[in-house]
Amino acid sequence: MSQSDQDFAFGTFADLDFYKIINSRLLDIAEISEQRQIVDLGCGDGGVTKLILDRLQAARQSCIYAIDHSAAAIKEAVANIGDRKEAAVKFIQGDAANLREKLTTNVDAVVYCNSIHYVPDKEKLLNQIKGALKPGGILAFNSSFYEGGQPEESLDFYRKWMMKSIRILRREYGMMPRREDKVESRKQLTPDDYKDLVEAQGFKVKLTEIMKVQVPLAGWVEISGFRDFIEGTLPGVPLKEASAALQKGAKLTYEDMGIQFVNRNWMSVVAHRTS
Ligand SMILES: C[S@@+](CC[C@H](N)C(=O)[O-])C[C@H]1O[C@@H](n2cnc3c(N)ncnc32)[C@H](O)[C@@H]1O
């Protein structure tokens, strides 16, 4: 992986309060506390792995498998988890689409935060997760990139942000996005679509919760440095220039609108493997 690929490999939101709150909420409603073996799928920089570690009551007997396909993310997660020794944490570089090959055991829970919207073949992914879980095992995932993630009152922000970013891109870099290069995260599913999808793959959805959160400017600046988001928002534009335009565009939009945050809906889904 080149240096520039590494720079855009994963999100680094871990220290933003709103982000900790939504991921903690998912772990709460999924009742992650007593499981012995848990997968943190798409672990990124290990922010969610830490939240799981904080909750494990039988920590000494527990093991977290922190899995990400990005070598840079795994490296960062190893550094961030540091010397926390409450539970064993095994870091595995691997693709979620081949999860079963990466695990030698069936686990009690799979936690999949802020990533499912990027996966093109969700049926295959869910089938892999099902195969990795014990019967009755928990699947918990969340996302704000679903149909309904942008509440009405936030739409003005997105319109202005995108207009400014595209203007910056054109003026400062002489570039334009190519809409035909649209990626999977832009084709969004509704909460009901997710329920149907999950249940068709051998799960029973226990609950779907929508939580409205206030995203500060730092949230948009961080996400503007993340490859999957950049490719979905400004398709076909080189990552460095697209990221710079999005970050500057977000700052200018907050200034122009005189706002401190933008509302966003986050969907959390908790399901059990049925058979
Ligand atoms: C937005 S970050 C979320 C990180 C973490 N789960 C969180 O909520 O803070 C998405 C992560 O999923 C990883 N990822 C994306 N597609 C993946 C795949 N097919 N297999 C494994 N990891 C993947 C990315 O490398 C990235 O680290």
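Helices are taken as DSSP runs of H or I at least four residues long, numbered from the N terminus, and their axes are lines fitted to C-alpha atoms over the stretch in contact, with angles running from 0 to 180 degrees between N-to-C directions. The structure is a predicted model, in which local features need pLDDT of at least 70 and side-chain atom pairs count only at pLDDT 80 or more, whereas totals for chains, interfaces and linings use all residues. Residues are numbered from 1 along each chain as its sequence is written, and side-chain values use heavy atoms, with hydrogens and water left out.

Helix 7 (residues 155-173) packs against helix 11 (residues 239-257) at an angle of about 130°, their axes lying 8 Å apart. The contact of helix 7 with helix 11 comprises 14 nonpolar, 3 polar and 7 charged residues.

The ligand is surrounded by 18 residues, of which Y19, G42, D68, A96 and N114 are the closest; a residue counts here if one of its heavy atoms lies within 4 Å. By class, this shell divides into 8 nonpolar, 8 polar and 2 charged residues, with Gly counted as polar and Tyr and Cys as nonpolar. Among the polar contacts (pairs of N or O atoms within 3.5 Å), a polar backbone atom of A96 is 2.8 Å from a nitrogen atom of the ligand, and a backbone N or O atom of C113 lies 3.0 Å from a ligand nitrogen atom. An oxygen atom of the ligand is 2.9 Å from a polar side-chain atom of N114. Taken alone, the ligand exposes 600 Å², and the protein buries 93% of that, as computed by the Shrake-Rupley method with a 1.4 Å probe.

Notes:
Polar contact = N/O pair within 3.5 Å; in protein donor to acceptor, adjacent residues only side chain to side chain. Helix = DSSP H or I, 4+ residues; strand = E, 2+ residues; numbered from the N terminus.
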